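Please read the points with the structure open beside you.

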Amino acid sequence: MKWVILIAGVFLFFNGMFTRTYSFDNESPARHCYQMDYIGLYGCFGSPMMPALIAWGATLIGAGLIAWSVFRGRHKSA
């Protein structure tokens, strides 16, 4: 189970780091999009906050899972 959590953390962290966010401001209404190239996940929203939350959320959740795995591994080996 510890390896699954670590792999999920690395997966989320790197997908969040390489998420592209972009906007189509000249359209009416404006679209704000994100794209995770490695897994082919993309979407558009009406608010610029949602793509940023998806990119930062995946990165921070992944970093948290990695840190938790390292902390748990060090705690068990001590």
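1. Start with one residue. At 15% relative accessibility, Ser69 counts as buried, because buried means under 20% relative accessible area. Please bear in mind throughout that this is a predicted model.

2. Where does Ser69 sit? Its place is in helix α2, which covers residues 49-77. Leaving out residues up to four places away in sequence, Ser69 touches Lys2, Ile5 and Leu6.

3. Now the whole chain. The protein chain has 2 helices and 3 strands, and along the sequence they follow the pattern α-β-β-β-α. The radius of gyration is 16 Å, well over the 12 Å that the globule rule gives for 78 residues, so the chain is more spread out than a compact globule. Along its principal axes, the C-alpha trace spans about 60 × 20 × 15 Å.

4. Burial and surface come next. Of the 78 residues in the protein chain, 21% are buried. The chain exposes about 5700 Å², and 70% of this comes from carbon and sulfur atoms. As for contacts between residues at least 6 apart in sequence, 41% of them join residues at least 24 apart.

5. In what order do the strands of the sheet lie? The sheet is open and has 3 strands in the order β1-β2-β3, with antiparallel pairing. Strands β1 (19-24) and β3 stand at the edges with a single partner strand each, so one side of each has no neighbour in the sheet. With direction ignored, neighbouring strands are turned by 15° against each other on average. As background, strands of a sheet pair through backbone hydrogen bonds, either parallel or antiparallel.

6. Take the pairings one at a time. Strands β1 and β2 run antiparallel and are joined by 6 bridges; in this pairing Ser23 stands opposite His32 in β2. Strands β2 and β3 also pair in the antiparallel sense, over 5 bridges, and here Met36 stands opposite Leu41 in β3.

7. The connection between β1 and β2 deserves a look. These two strands form a hairpin, with 6 residues between them. Pro29 lies in that loop. Is the peptide bond from Ser28 to Pro29 cis or trans? The bond is cis, with omega near -5°.

8. At 31% relative accessibility, Tyr22 counts as partly exposed, because the value falls between the 20% limit for buried and the 50% limit for exposed. Apart from its neighbours within four places in sequence, Tyr22 is in contact with Arg31, His32, Cys33 and Gln35. The C-alpha atoms of Tyr22 and Met49 are 11 Å apart, with the two residues 27 apart along the chain.

9. How many disulfides does the structure hold? There is 1. It is formed by Cys33 and Cys44, whose sulfur atoms are 2.0 Å apart. Cys33 lies in strand β2 (residues 31-36) and Cys44 in strand β3 (residues 41-45), so the pair ties together parts that are 11 residues apart in sequence. The torsion about the S-S bond of Cys33 and Cys44 is about 100°, so the disulfide is right-handed.

10. Compare the accessibility of the two cysteines. Cys33 has 0% relative accessibility and therefore counts as buried. Cys44 has 36% relative accessibility and therefore counts as partly exposed.

11. Not counting residues up to four places away in sequence, Cys44 touches Arg31, His32 and Cys33.

12. Find Ser69 in helix α2 and its contacts with Lys2, Ile5 and Leu6. Then find the cis peptide bond from Ser28 to Pro29, in the loop between β1 and β2. Last, find the disulfide of Cys33 and Cys44, with Cys33 in strand β2 and Cys44 in strand β3.

How values were computed. Residues are numbered from 1 along each chain as its sequence is written. This is a predicted model: local features need pLDDT of at least 70, side-chain atom pairs count only at pLDDT 80 or more; totals for chains, interfaces and linings use all residues. Side-chain values use heavy atoms; hydrogens and water are left out. Helices (H or I, at least four residues) and strands (E, at least two) are DSSP runs, numbered from the N terminus. The radius of gyration is taken over C-alpha atoms; the globule rule is 2.2 Å times the number of residues to the power 0.38. Buried means under 20% relative accessible area, exposed over 50%, partly exposed in between (1.4 Å probe, protein chains only). Contact means heavy atoms within 4.5 Å. Accessible areas come from the Shrake-Rupley method with a 1.4 Å probe; for residues, only the protein chains shown count as cover. A disulfide is a pair of cysteine sulfur atoms within 2.5 Å. Two strands pair if DSSP finds at least two bridges between them. Axes are lines fitted to C-alpha atoms, for helices over the stretch in contact, and angles run from 0 to 180 degrees between N-to-C directions.
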